[in-house]
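This briefing walks through a few features of one protein chain. Look at the sequence and the structure first, then read the points below.

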Amino acid sequence: MTITAVPVIKNGCLMVRGKVVLTGVPDNVVITPSSSGSAFVGATSPSLSSHHVFNLGTLENYRFMCLFIAKIWWMIPRVGRSASEIPMETQMLLLEAEEESALDLLQEESETSGNKFYVLVLPVLDGAFRTTLQGTKSNELHFCSESGDPNVQTSQALEGVFVNSGDNPFELLKDSIKILAKHKGTFSHLDNKKSPAHIDWFGWCTWDAFYTDVTPNGIKDGLQSFKEGGISPKYLIIDDGWQETENEFKKEGEPIIEGTQFATRLTDIKENSKFKISESDGSATNLKELIHQIKENYGLKYVYMWHALAGYWGGVQPASEALKKYNPKLQYPVQSPGNVGNITDIAMDSLEKYGVGVVDPEKAFDFYNDMHSYLASSGVDGVKVDVQNLIETLGAGHGGRVSITKQYHEALDESIEKNFTDNNLICCMCHNSDSIFSSKKSATARASEDFMPNEPTFQTLHIASVSFNSLLLGEVVVPDWDMFHSNHSTAEFHGAARAIGGCPVYVSDKPGKHDFKILKKLVLHDGSIFRARYAGRPTRDCLFVDPVMDGKSLLKIWNLNKITGVVGVFNCQGAGTWPMKQAPESTQNTGPISGRFSPLDVEYLEDIAGETWTEDCAVYAFNSGTLSRVPKNRAVRVSLGVLECEIFTISPIKMLNEEIQFAPIGLINMYNSGGAVEDCTFGETVTIKARGRGLFGAYSSKKPRFCKVEKKDEEFTYSSDSGLLTVDLQSDSSFKEIEIVY
């Protein structure tokens, strides 16, 4: 019997590769084949509505991982085994399945028997409607289809849910997003976007350093303290606090009413008075002069300014003379039942009460273009655009949430392209699928809720969230894992994660509050970073476990460099709990946890290994400083305490000749050591193109006769026990040629 990969409904069951995924599928559920073995699942209703909830059938006994909007701005992951554990506002569902064969029927069932494959159930945009998944107590899987405008109604959602399957979960997600991008035409895969220039450089953001009290002198103090420590940011984000705003609900001399700070509205596109007066001597200045000074004095390449998608948290002030030309009107947000059903947010509670000044969507480009052209004329290189999901609540009267999101995103993209080079845009608070599947040009976005330095129980959640969220986000944008503090009790934990996350690396240190030992493991002398090739994501065996609350699982994150692989192992247990999830006390493990990793945890390792690979790998453990030779399929034990981590650089060992085997490691004092290896070629000698300065390590089965750096003999050390060869690279040139001669 031939088993087709295309999902089908047969005898009341949704089947994928001959495997029953859903039972009890109602008669109003329809399936439409798409390309490459995928399909759309939808449903019909006898009545028109702007908000439908359709039953897809019963889902039980499948290990799953889902991503859902816990609070209106952000996604978090959840794992489980049946639909009752799938929350409202779920935007991605990945199932682990096993293909059955005659041989399987003779074997006892186990977690590891059979041939695993993966089923992606992805709610998408369907015209003016946005869909999400949600489970019921009776294990029914429902999908919700909503327009966000009472006047935009339908009786059917035929392309609301996309279903696809594959043997490799990472390829499955990539292929599916590419299929959807081509079919829907509303967004683009990351491969077809231009990434912003800042992401390969070290940065500083003013937010946690100053919050809204940011000033020119504070910015200069911070940049000066970095400079004195020997590591200067190459990009700066001037976050919230620079704009001209008004809080009409604050009375003179009275304390601010809790919540009204979010109703503060923009009154002008230009900088506020803090950025027009020099604090030190009272002389007049402006944003343009400040940016010129800090670029000149501190070597900054890029300066980004913050603003909200609606202008400010509360939008724009309709009474402002400077902004009247954008036809702003006061509008009161209406949240989706899914948002209200999960975690409510104080900002949204405030805005529902006080309203948002909404720029006419037809004038959105004019608004952005005027602001961005002014900023560009002041020397600004790009913008961070925040509070984006707010727009989903303002769709009434504008064709619905999908329509207004699309209008704003198109206007923003057009303005960015016109005013800034290199697509210099950072999107933030934009995790709803309206934004994800309207992202045609924007190429980087924040991957989780803020780093919160004063919340000790949020640190492990942050690392777990960014890695799981990157499964979906990483196909559409370069995920931004947010800033952190270098001088913080969890700095090593956060710094190591950023190093392997394939993400920008930036901090939000207060002036003078830096740990340069941490920063020197992340940042090269020229201010650049070793950014890995892909978004950092959980290894395949971590996809369906809870690394925060199950009390036993370590989180492993994999990535690739040009020549090497890397796996970061993190103990996220015992230091926090997921929102909306109760933890049995028995699972709160605050002691060390043991697990295993293997070189084959790195996906696509064979693609970089080459034809002369011995199928062994040189594995360098960063924190312990040890080098081991490990067969590719052997598991290595690792044990970590709470908030501890280890970074393993994995380099395929290749044959130089019958006697000599070699593998470059990289700069062994950097978290992502292997990022230093640009190229490695084998001829009569081994020639390495390396980037950066510091101690370069490699595995060699035999001691070389000599080493050359830039064609000059260089001293080296060699351990015959481990095979570790090291040579010190000290020249200031960005790239260096190392030649190993036997």
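The largest nonpolar core has 187 residues, and the members that touch the most others are Trp 73, Leu 93, Leu 122, Ile 219 and Phe 570. Helix H11, residues 459–473, gives the most to this core, with eight residues. The model is predicted.

**Nonpolar cores**
- In soluble globular proteins, nonpolar side chains tend to be buried together.
- Another core, of 24 residues, lies apart from the largest one and includes Ile 563, Phe 662, Met 670 and Ile 688.

**Helix H4**
- Helix H4 covers residues 216–229, which makes 14 residues.
- From first C-alpha to last, H4 reaches 20 Å, close to the 20 Å expected at 1.5 Å a residue.
- Its buried residues are Pro 216, Gly 218, Ile 219, Gly 222, Leu 223, Ser 225 and Phe 226.
- These buried residues pack against strands S15, S16 and S26 and against helices H3, H5 and H13.
- Gly 230 follows H4 and has a positive phi, near 95°.

**Gln 335**
- Gln 335 sits in the loop between strand S20 (329–331) and helix H6 (337–341).
- Gln 335 counts as buried because its relative accessibility is 13%, under the 20% cut-off.
- The side chains of Gln 335 and Glu 352 are joined by a polar contact of 3.2 Å.
- Leaving out residues up to four places away in sequence, Gln 335 touches Ile 72, Val 340, Met 348, Glu 352 and Thr 393.

Notes
Residues are numbered from 1 along each chain as its sequence is written. This is a predicted model: local features need pLDDT of at least 70, side-chain atom pairs count only at pLDDT 80 or more; totals for chains, interfaces and linings use all residues. Side-chain values use heavy atoms; hydrogens and water are left out. A nonpolar core is a set of buried Ala, Val, Leu, Ile, Met, Phe, Trp, Tyr and Cys residues joined through side-chain atoms within 4.5 Å. Buried means under 20% relative accessible area, exposed over 50%, partly exposed in between (1.4 Å probe, protein chains only). Helices (H or I, at least four residues) and strands (E, at least two) are DSSP runs, numbered from the N terminus. A polar contact is a pair of N or O atoms within 3.5 Å; within protein, one must be able to donate a hydrogen and the other to accept it, and residues adjacent in sequence count only if both atoms are side-chain atoms. Contact means heavy atoms within 4.5 Å. The expected span of a helix is 1.5 Å times one less than its number of residues.
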